[in-house]
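Biologist: Could you take me through the part around the ligand, slowly, and then show me how it sits in the rest of the model?

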Amino acid sequence: MEDEKLNKEAGPIVEVPGENKTAQLYPHIILQVLETSYITHDVKRFVLEKPSDYIFNPGQSVNISINLPEWKNELRPFTFTNLPDDDYLEFMIKIYRDHNGVTQKLESINKGDELILHDIFGAIQYKENGVFISAGSGITPFLSIFRYLNKKKRVKGNILIYSNKDHSDVIMGESLHTMLKDNFITIFTRENVVGFIEKRIDRDFLIDHIKNFKQNFYICGPESFVLDLKKILLSLGASVDNIIFEY
Ligand SMILES: Cc1cc2nc3c(=O)[nH]c(=O)nc-3n(C[C@H](O)[C@H](O)[C@H](O)COP(=O)(O)OP(=O)(O)OC[C@H]3O[C@@H](n4cnc5c(N)ncnc54)[C@H](O)[C@@H]3O)c2cc1C
């Protein structure tokens with residue numbers, strides 16, 4: 001990558017929790033898109049070039065904008081889905097086609113185009129084994145975390161509950177199933193099948209699937225989903241310190 005693309009001036013050095021490394025917080029960095037593809041009907045995967053000293057933790061996100069004059073100041077948060085050691089960066093982004101926003105514009109962004117990555121941040125970081133609960137594109141931080149745990153052979157003992165409207169919305173279902181096996185539980189709120197009964201992750205569902213509420217819970221999805229689940233988990237005995245969430 002050319003040096004002028006990398007603005008290293010104002011970025012402080014920070015410690016990376018759990019790793020014997022530090023990360024440079026770049027104010028912004030312009031990166032080329034290497035590859036794109038659709039992984040569901042409305043989720044597009046972007047592979048970007050990665051500078052050799054670019055560091056992130058599994059579960060972290062970054063504010064991204066499109067390097068076009070009218071779009072470069074429109075920052076939106078997206079989550080790294082690959083491993084920090086990979087020599088590329090990967091994002092899986094749900095495209096909102098009915099709305100003139102950044103994700104609609106990302107539909108036209110492909111190989112050779114450029115994105116601007118701004119500050120890295122994120123509340124979701126793996127502490128210890130626990131129950132991961134996500135909805136829709138809220139799976140992205142967990143995908144990076146499970147890929148990381150899988151590499152370290154530490155997936156066992158974790159449970160992932162993943163809610164979607166229907167089967168066609170599931171992001172990386174096969175890969176998650178391979179890593180988690182029976183501890184990967186999918187639930188669908190809508191299904192185009194006669195007689196289908198809507199299912200939700202509610203109090204009864206959690207009691208049926210979780211034996212121990214004195215463990216870590218990681219929740220990621222839309223705000224109402226996260227806040228509802230947090231409330232139910234607390235009422236079932238989970239400790240507020242053990243609920244890690246982002247929306
Ligand atoms: C920390 C964090 C990490 C995230 N990581 C990811 C990720 O890895 N992958 C991912 O896909 N998403 C992720 N998101 C969500 C993502 O940031 C939003 O989907 C994105 O910002 C939407 O940008 P936009 O400009 O297209 O829409 P905006 O203009 O910002 O609108 C956002 C919301 O508007 C709603 N909307 C849709 N249509 C309309 C309409 N016609 N009128 C008004 N509102 C409408 C959508 O529900 C959407 O959520 C993350 C969010 C956060 C906070």
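Modeller: Strand 7 (76-79), strand 8 (88-94) and helix 1 (102-106) each put at least two residues into the shell around the ligand. Helices (H or I, at least four residues) and strands (E, at least two) are DSSP runs here, numbered from the N terminus. Keep in mind that this is a predicted model: local features need pLDDT of at least 70, side-chain atom pairs count only at pLDDT 80 or more, and totals for chains, interfaces and linings use all residues. Residues are numbered from 1 along each chain as its sequence is written.

The ligand has 19 residues around it, with Arg76, His99, Gly101, Thr103 and Thr140 the closest; a residue gets in if its C-beta atom, placed from the backbone, lies within 6 Å. By class, that shell splits into seven nonpolar, eight polar and four charged residues. Nonpolar means Ala, Val, Leu, Ile, Met, Phe, Trp, Tyr, Cys and Pro, charged means Asp, Glu, Lys and Arg, and the others, Gly among them, are polar. Both domain 1 (3-121) and domain 2 (130-246) give the shell at least three residues, with bounds from an automatic or database domain assignment.

Now the packing. The largest nonpolar core has 57 residues, and Leu115, Ile133, Phe142, Phe146, Leu160 and Ile219 have the most contacts inside it. Helix 2 (residues 140-151) is its top contributor, with five residues. This core, too, takes at least three residues from each of domain 1 (3-121) and domain 2 (130-246). A core is a set of buried Ala, Val, Leu, Ile, Met, Phe, Trp, Tyr and Cys residues joined through C-beta atoms within 7 Å; buried means 20 or more other C-beta atoms within 10 Å of a residue's own, exposed 12 or fewer, partly exposed in between, all placed from the backbone. Phe142 touches Phe132, Ser134, Leu160, Tyr218 and Cys220, leaving out residues up to four places away in sequence; contact means C-beta atoms, placed from the backbone, within 7 Å.

Gly59 is worth a look as well, in the loop between strand 5 (43-49) and strand 6 (61-66). Gly59 counts as buried because it has 23 C-beta neighbours inside 10 Å. Beyond four places in sequence, its contacts include Pro141, Ser144 and Ile145.

As for confidence, the mean pLDDT (the predictor's confidence in each residue, from 0 to 100) is 89, and 86% of residues reach 70 or more. Residues 1-14 stay under 50, and residues 16-22 are below 50 too.

How values were computed. Two residues are in contact if their C-beta atoms, placed from the backbone, lie within 7 Å.
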